Structure formats: structure tokens, C-alpha cells
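Open the model in your viewer and colour it by chain. The stops below say what to select and what is there.

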Amino acid sequence: MRHTISVLVENRFGVLSRIAGLFSGRGFNIESLTVGPTEDPSVSRMTIVTRGDNKIIEQINKQLNKLIDVIRVRDVTSETYVDREMMLVKVNATEKNRPEILRMTEIFRGKVVDVCPKTYTVEITGSTEKVEAFLEMIKPLGLQEVARTGKIALSRGVRMLTAKPGTKNNGK
Amino acid sequence: MKLTGAQIFVESLLAEGVELIFGYPGGAVLPIYDTLYDSELKHIRVRHEQGAAHMAEGYARATGKCGVCLVTSGPGATNTVTGIANAYMDSIPMVVFTGQVPVALIGNDAFQEADIIGITRSCTKHSYLVRNTRDLAQTIKEAFYIASTGKPGPVVIDLPKDILTGEAKFAYPESIALRSYNPTYKGHPAQIKKAFKAIQDAHRPVLYVGGGIITSDASEELVKFAEKSRIPVTTTLMGLGSFPSKSELSLGMLGMHGTYTANMAMHETDLIIALGARFDDRVTGRLDAFAANSKVIHADIDPGSIGKNVGVDIPVVGDVKDILHGLNDLAKKDHTDWADKHDKWLKTLRKWQKANPLKYTRSKDTIKPQYVLEMVDKLTKGKDPIFATEVGQAQMWAAQYLQFTGPRTFMTSGGLGTMGFGFPAALGAQAAFPDRLVINIAGDGSIQMNSQELATAVEYNLKTKVFILNNGTLGMVRQWQEFFFKKRYSYSTMTEFPDFVKLAEAYGAVGLRATKPSEVQKVIKKALSIDKPVFVDFVVEMEENVFPMVPAGKALNDMLLV
Ligand SMILES: Cc1ncc(C[n+]2csc(CCOP(=O)(O)OP(=O)(O)O)c2C)c(N)n1
């Protein structure tokens, strides 16, 4: 089953390669991975979409937690959360299909962000399902190129993933 | 006052309580070596950086402290990789300092540049590239903390040369707080209670214990609990020494070359109590047949080890010492008649032990490797020896035939299975305890992978004894070829080996040899009486096999016996 995992990490050199290395080294699959800064400049948030049975997802959680730079891990899949993905799609624009592209873009509440003599580029934002549905519809019209951000997600309401300060100790 | 990075390095190590480090100089770390020249921090200069890493690990295993090694950039750093991976697999605390090219040159394919952080990412607990002399002390404090707490492991600190020559104010941090790293030490009381209840309900329980007992210094608690509850104990290769071999409750080692009784007990048990062990494939055999009729309690400080290979009924995350302490408390207040309860189970085990003890065919003409180990065991009784091993048949016979009385007396490459580990590891232990008896049990193949450290042994008067069970072959490989590849001994016969007596002598050490069974005891006694490093060449039977053996992928009760 597909899982969406939110990860707060120290905003440090090399963190991304540690996480990517963990997934490749242990044979876990990554469907998408996004990283970006958060409200706290020392913390980055990653959203990882992965697939696996319960045992694998449990291991992914535990192994992520084991990385020293990982502050918190939360599998939001079973919670209520909002998620978005953005996609830019370049489509062949011919005399004949231009109206259809515009119609589809409107139905999916997208925007045409670039118009050239032979191509239109459309921006679509929404759930992964919506973004993929748009792709499905636009394919027959002459799909040229796609760029997707991967999914980002936040739990709804007061449920929050925050970095708490560590407890002091003398290291012994 | 400002100090250079090199001075901060030395001062930080002293503040951390480090007494001895192992290393090898080179361009990128010359500023540190210059500081070491008149420092009170002791340093052993090895002959190969792999040796330094293994020595640091041996030092850590023997003392329980964090091992430290220091090497230069590029090839110096890459030469430590096997040692780092070895410490990672066996969870041994170690901090490895590697030189690096100056910050501005990183990424330019500069002379002797290697991306050691990248190369070791998957075999370190954590790693740091220091980018500012100001950060050095804090980084060192964190590295020691991370390496030696929780599930211990190696940490690499990469030190660009200009960080070592740059200056900063020095103050070694008193304490640290890491929001992203807070290992759980205290076992959850409710889980410990649940575990105890399951133990009370079990009829044929087994304590299956690993290296975690040694790491957390929990042997006493383990013995106390086993004796009170009358539950038999089997140890992993890494756990040897954590429970006295001579106890009537000891079943010896389990797994691929475990004892018949230990493996049968694991197969027939109705409750596995796993403490600081990780259900490695060499222990479980075929997974779907493992613990088929048994509940599993798994106590470990690493949540990631729990439920990874084997389904667990009662997980307890925490330090096994704390968890055993909890179990002992519960046992104290409880009125179960344990002796009566497990009488039948223990009788069954004893019957198995009688019927299928460790055995081999004795010989009057050729030296049997098992015989050498029996004699080593006999002649070192009461001498408080520390044993190290190389990898292969000799390692397995050492695990089977030596009797262990306490923790930190057996050092072997468990997870990675590194040939060439034993000798430098033994030297590391010897450096920690110059007066103790330290013995490395080696094969003729393995000892050739790091024998250059004989020079280190002689230079620092590390009087380690190396007992080579010389069968003229890569024995363990030959055994697999005999069993599973129709005796096609492809590249495993190794009759071209150096004269080990002369090799030792060439380095200024002592070399001895035994070729007949009648010489074995005499030669061992002689070796033990010499106050110098000694290589003993035991010319042993070539085609001896290690039994019992659970072939890879077979169930634990599917053992080949003699
Ligand atoms: C560095 C390394 N290379 C290869 C192996 C594979 N291997 C495992 S046991 C073994 C044979 C070891 O031979 P020897 O040291 O002579 O010991 P014996 O088995 O004969 O006692 C080999 C080659 C290994 N474990 N480590």
C-alpha cells in the first residue's frame, strides 16, 4: 500500500543523501521525495511517498528514526491530512487541439502558464490522483514533457510535527 | 586564548578521557602529528590503516570504552573502510578521524582526496565533515556521545587540513543536547511485566542472548535471572562470554555451527527470550521454519532490530541491563517454583547434550584443530585470557571449544566476517591491557591479511600470542566446496604460505611450531611463557570439517552432524 511519511530533519549538509542512501541501501522504494525549509530555518521537512506492506513501512519508520539527523517521523497515511502536488505539462498545441487543451485545463482548474507557437504549458495543482487524471486526459492530445514536484502533506488541525529541544546530558 | 585545530583535536580527546589512539600519518593530518609529537596523548603507529581501525575496535571491545583511530586523507581513509564496516556490523563504539584536503579543494579531485563521508555513509552510525575550526570541539563531543550511547557504532569525522591549521577559542562542551537523538534506555514497565507473565506461562523457554548483553554490561543480571528462573541460555557468536560456559544452564552457541542442543532447544521451545540479539540469518536458519511453535520476546535498545527478521509478540525497547533488572525485580517478588517448573525441559536438554555433544575424530598422528583448542583452553584456565579470532573454521572451533568465564574475553568479527580482523584486534586489546594474556586464534589464510602488524607488536612490545591452525587451505571455503560443490576445490588450496616461524623471526618476534599431537601442549606452554609476541604454527589436519552444520537456507533442526 502507498504511504505518505512526513519527516523533520536537521537542515544540514548531507542529510538528503543519508535518507536517499537509506532507501536504496535497504531496498525500500521511493515514489516521490520532496524537501524544503520550514518555519524554523534549522529544520527541513521532507515528504516521502513510498510503497510496502506493514512490515516494510514499520522498518522504514524505524530506520528513518535511527538516522541521527532525523528529528521526527510521522506516517500520516491513516490520519486526515491535506496534500498537494504541482505539475507542469507541455502539450503540442495545434490548430485543432488548442480548444480542447484549454477546456481540460479549465475543468481541472489549472492555468496555462506559457504559450508558444507549437506548445502550451499548463500548471496543475492538486492531489496526486487529480494530477494523474489530468495527465491521462491530456495524453491523447500530444503530451511533450512533464515536471512534477512530488507530494507535500500536512496533518489537519492541531496535530503537528514539531522539533522539540533535546535533553541535556554530559554524554556519559 | 586561541588554539589551532590540531591542538583542539588533542585537547578535546584528552578532555574526553581518551588515553590511547591508533593511527598512521600522512600529509593531510601532519598538523595533528606535529601536536602529538610532544603531547601526553599516547599513539600507536601501525603498519596499515586497516590495522589501526581493527586495533581501535579491539581496544573498545576489551575495555568497553570508545576506540579511536586517526588516518590521513585519500588512501589512508579508504584503508579504514573495512574496519569501519566491521565495527558497524558488530555495534562497537569507535571514532575515526580522517584527514581531508583543504575545504576549498573539496570536490576538485585534489591529490589524495576521497569522499570518505560518502564512501562510509552506509557503514557508519553518523559522520561529520568539519567546515570550521570553531565547530571542532563540539563535533568531537557529539561524535563520542553518538558512538558510545544507544546502539553503539562507528562515527567518522573528516578533517580538512585548513581546519587543523585554523584557530579558534577552545572550550570543551560540558554537556550536549541533541533533539534528534535520544535513545531509550528504560524498558517500558508494562512491557517488562508482559514479558514476565509470558515467561511464567512458558513450559520450554530459552534465553537467546547476544552482544547487547556485553555492550550494556548486563552479564551479572543475566546470570541472576537465568539461575533464579532456571531458564537455559544460548548465546550468539557475539554473545559468547556474556554467560559462563560452565554453567549447567549454558547450551553454548546456536546457529549455523551452534551446538546440537542449542539449535534443538530453539526449535522445540515455546518461548524465545531474545536479549540484545538480532535474529541474524546465521542464527535463524530458514526463516519460515524458525520458532514455528514459539512466542517471541525481544528486548533491544534498537527498535529497528525488533521485528526486522522475525515476528515479535512482546517487544521491549530499552537497555537490556535495565530490562533484566526489571525482570529480576519481578522474579524476586514472585512465588513460582521455577526448579520444579522447568525440570522436565532441562532434563530433555541434558539428554540431548549427552547424546550429541561437540565431537571430532581424534588422531595420534595428525594434529586436530579442535584438539589444539581444547589444550589452549585447558592451559589458559585461571589466566584470565582475552581471545580474538580471525574468520573461518578456526573461528568456529574457537567459539565451540573455548570455555568463557566472563564478558569482553572473546572478540570476533561476527556480522561482517572479516578475515584479518583478529590479529590487530588482539593487539588493540593488548595495548589496553599490556600485562594480560591475549591470544588470537587464526587460520593460515586470515593471518596473511594483516600480518604486517607484527612490526607494530614488536615495536610496542605487545606480547600477543597468535595460534595459527595451519591447514594449508582456506578451510571454511574448502568445507563449503566439499559439501555443496562436489569437492571442486577451486582456489581454496593454499599450499604456498610463508614459513610462519621465520616470518615471526624476521620481524623480531618469536616463532614456534608443532607438527605432532604430542608436541601441542609443550608448545602452548612454551608460547605462554614468552614475554614477547609469538606466532605458533600448528600444522593441522587439512580436511577437517566444522560440525554441527546447518546448511545455509535450512531449518535449525536440519543439522549435519559428524
Ligand atoms: C576479507 C575476507 N575475504 C574472504 C572471506 C571469505 N572466507 C570466509 S572463511 C575463509 C577461509 C579462511 O581461511 P583460513 O583463515 O585459513 O581459516 P580456516 O577456515 O582454514 O580455519 C574465506 C576465504 C572473508 N570472510 N573475509
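This is a predicted model: local features need pLDDT of at least 70, side-chain atom pairs count only at pLDDT 80 or more; totals for chains, interfaces and linings use all residues.

Two strands count as paired if DSSP finds at least two bridges between them.

Select residues 20-23 and 42-45 of chain B, which are strand 2 and strand 3; the two run parallel and are joined by four bridges. Within this pair, show Ile21(B), which stands opposite His43(B) of strand 3.

Next, show both chains and select the residues in contact. Chain A contributes 29 residues and chain B contributes 28. About 2,400 Å² is buried between the two chains, with 46% of that area coming from carbon and sulfur atoms. On the chain A side, pick out Arg18(A), Ile68(A) and Asn169(A), which lose the most area to chain B and together make up 28% of what that side buries.

For the charged pairs, select Lys66(A) and Asp302(B): their side chains form a salt bridge, with N to O at 2.9 Å. Chain A and chain B share three salt bridges. Residue pairs in polar contact between the chains number 10, counting those with both residues at pLDDT 80 or more.

Which elements of chain A give two or more residues to the side that touches chain B? They are helix 1 (15-25), helix 2 (54-66) and strand 4 (70-75). Helix 2 of chain A gives the most, six residues. Finally, colour this side of chain A by residue class: eight residues are nonpolar, nine polar and 12 charged.

Technical notes
Residues are numbered from 1 along each chain as its sequence is written. Chains are lettered from A and ligands numbered from 1 in the order in which they are written. Side-chain values use heavy atoms; hydrogens and water are left out. Contact means heavy atoms within 4.5 Å. Buried area is the accessible area (1.4 Å probe) that two parts lose on being put together, summed over both. A salt bridge is a side-chain nitrogen of Lys or Arg within 4 Å of a carboxyl oxygen of Asp or Glu. A polar contact is a pair of N or O atoms within 3.5 Å; within protein, one must be able to donate a hydrogen and the other to accept it, and residues adjacent in sequence count only if both atoms are side-chain atoms. Ala, Val, Leu, Ile, Met, Phe, Trp, Tyr, Cys and Pro count as nonpolar, Asp, Glu, Lys and Arg as charged, and the others, Gly among them, as polar.
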